[in-house]
Amino acid sequence: MTFLGIDLGTSEIKALLIDDYGSIITSTGAPLSVSRPQPLYSEQKPEDWWQATLIAVDAIKKSHPQQLSQTRGIGLSGQMHGATLLDANDQPLRPAILWNDTRSFKECEDLVAKEPNTLNITGNLAMPGFTAPKLLWVAHNEPEIFAKVDSVLLPKDYLRLQLCGEKFSEMSDAAGTLWLDVAKRDWSDAMLAACGLSRKHMPKLVEGSESTGQLRTELVSRWKMQHPVIIAGGAGDNAASAIGIGAIAPGSGFVSLGTSGVVFVVNDRFLPNPKRAVHAFCHALPQRWHQMSVMLSAASCLRWVTLLLGAKNEAELLAEVEHLDIKAREQAPIFLPYLSGERTPHNDPSAQGVFWGLNHNTTRAELTYSVIEGVAFGLADGVAALRDAGTSIKKLALVGGGSRSAYWSQLIADLLGITLQTYTGSQTGAALGAARLAQLACGSNESVVCTTPPDDCTFVPNSSTDTFLTERYGRFVKLYQSVAPLWIH
């Protein structure tokens, strides 16, 4: 038997195939692009997601036809919060509004005004990134489209519709809509009504390890599957990444250095801290929740500065950074990494990126150091917010593209004061977690499937850097407080 994980990211669709021992057979991807037609906007066409999915799975069929033919289950993971609006014929009414779209700030205020109990129901602040304010924005600005909305799906659940013809979502992804009563793991009629919606607009809810239907006959034929194929509930991207590294027990979790930056910790109960913009969501497995701090720009900041400076790639710049002495790092500018606004702990969609302390002698290596340090400071803000909610953190996994840099990984460990562990194959993250959820939906045991991958590198905090980083972090905090009133709203 084999199991297929499909992860719908912001920049690509990834498809990954594992055997019944959990070993990765192969993985492939197909790129996606983001449309930004106006400032604050971020959109993608749902049809592009599906075409990229076909390309990715077709590639596995071409390279590993026999193994793919033995697929018994498909699990789905995806970028959270995206508003995919469908008409009565299940056709998209407009491009999907993505997680990092911040146009609906005013609608967040409107939502809380309409439902003053929002915090108690959802356990989360109303933020532009969530799905519910996006629907209010459509109602206010595109009423002719809103009038035609028959159903609202999250991105990965649109793929499910194409795969099996069913409209389902699962708890971890649904928790990021602001329509879920997160403690009860059920849609909230009050939150839906505040957006002019009802349960009839919503998909049915399952746990991530449950079945939601079977693969369409025409796709079974296209991919030469030899058995009926179950489609699992799946998970939002971060919950799926947690499943992929075995973070299923309370206290386990990870730091993700991807496009965004995430600190994720598993809980055995619902522990909200909305005042610090902490996300409190359901995990992808029954009777578990998680807390999450989210910064909207992390490794994407490094990519940005690489393009800005005309470097060949990120590795070239990081190699230059590693040769900086302590004096150069002390003189480097302070960087606010808010290239797309910010969530935890500021909930400030108007926040912007800032270099403070430039002079004629500032080098590109110092600028790059400032960027990776600024991202680490943003993660430190998130950890502080989680600890304010009573969460104890001693060790976390480190995942995402940024974790390939040992220098950056050590810098983050030093600043957070937390041991960070990378794992072999952890870059497969969400796609592996999705495939594991497919295994569970096909009847496998959680303790057997959701294991921790082999250790790769361990980054233990270096106390000798405490004074240097603490002083610069203090300036980072004060800089945000000083310039925030100057943002252009």
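This is a predicted model: local features need pLDDT of at least 70, side-chain atom pairs count only at pLDDT 80 or more; totals for chains, interfaces and linings use all residues.
Seven strands make up an open sheet with mixed pairing, and their order is β18-β19-β17-β16-β22-β23-β24. The edges belong to β18 (279-282) and β24 (455-459); each has a single partner strand, so one side of each is left without a neighbour in the sheet. On average, neighbouring strands here are turned by 25° against each other, direction ignored. Zooming in on one pair, β16 (residues 253-257) and β17 (residues 261-267) run antiparallel and are joined by five bridges. Phe254 sits opposite Phe264 in β17. Lying across β16, β17 and β19 (289-295) is helix α11 (residues 237-244), which runs at about 65° to β17.

Next up is a pair of helices. The axes of α16 (residues 406-416) and α19 (residues 466-483) come within 10 Å and cross at roughly 80°, which makes α16 roughly perpendicular to α19. On the α16 side, Leu411, Asp414 and Leu415 do the touching, and they meet Asp466, Leu469 and Tyr473 in α19. Sorted by class, this contact has four nonpolar residues, two charged ones and no polar ones.

Finally, there is Ser172, found in helix α8 (residues 171-174). With a relative accessible area of 1%, Ser172 counts as buried because that value is under the 20% cut-off. Its side chain makes a polar contact of 2.6 Å with the side chain of Glu170, and the Ser172 side chain also reaches the backbone nitrogen of Gly236 at 3.0 Å. Setting aside neighbours within four places in sequence, Ser172 is in contact with Met80, Ala235, Gly236, Ala239, Cys282, His283 and Ala284.

Conventions: Residues are numbered from 1 along each chain as its sequence is written. Side-chain values use heavy atoms; hydrogens and water are left out. Axes are lines fitted to C-alpha atoms, for helices over the stretch in contact, and angles run from 0 to 180 degrees between N-to-C directions. Helices (H or I, at least four residues) and strands (E, at least two) are DSSP runs, numbered from the N terminus. Angles under 35 degrees count as roughly parallel, over 145 as roughly antiparallel, 65 to 115 as roughly perpendicular and the rest as oblique. Contact means heavy atoms within 4.5 Å. Ala, Val, Leu, Ile, Met, Phe, Trp, Tyr, Cys and Pro count as nonpolar, Asp, Glu, Lys and Arg as charged, and the others, Gly among them, as polar. Buried means under 20% relative accessible area, exposed over 50%, partly exposed in between (1.4 Å probe, protein chains only). A polar contact is a pair of N or O atoms within 3.5 Å; within protein, one must be able to donate a hydrogen and the other to accept it, and residues adjacent in sequence count only if both atoms are side-chain atoms. Two strands pair if DSSP finds at least two bridges between them.
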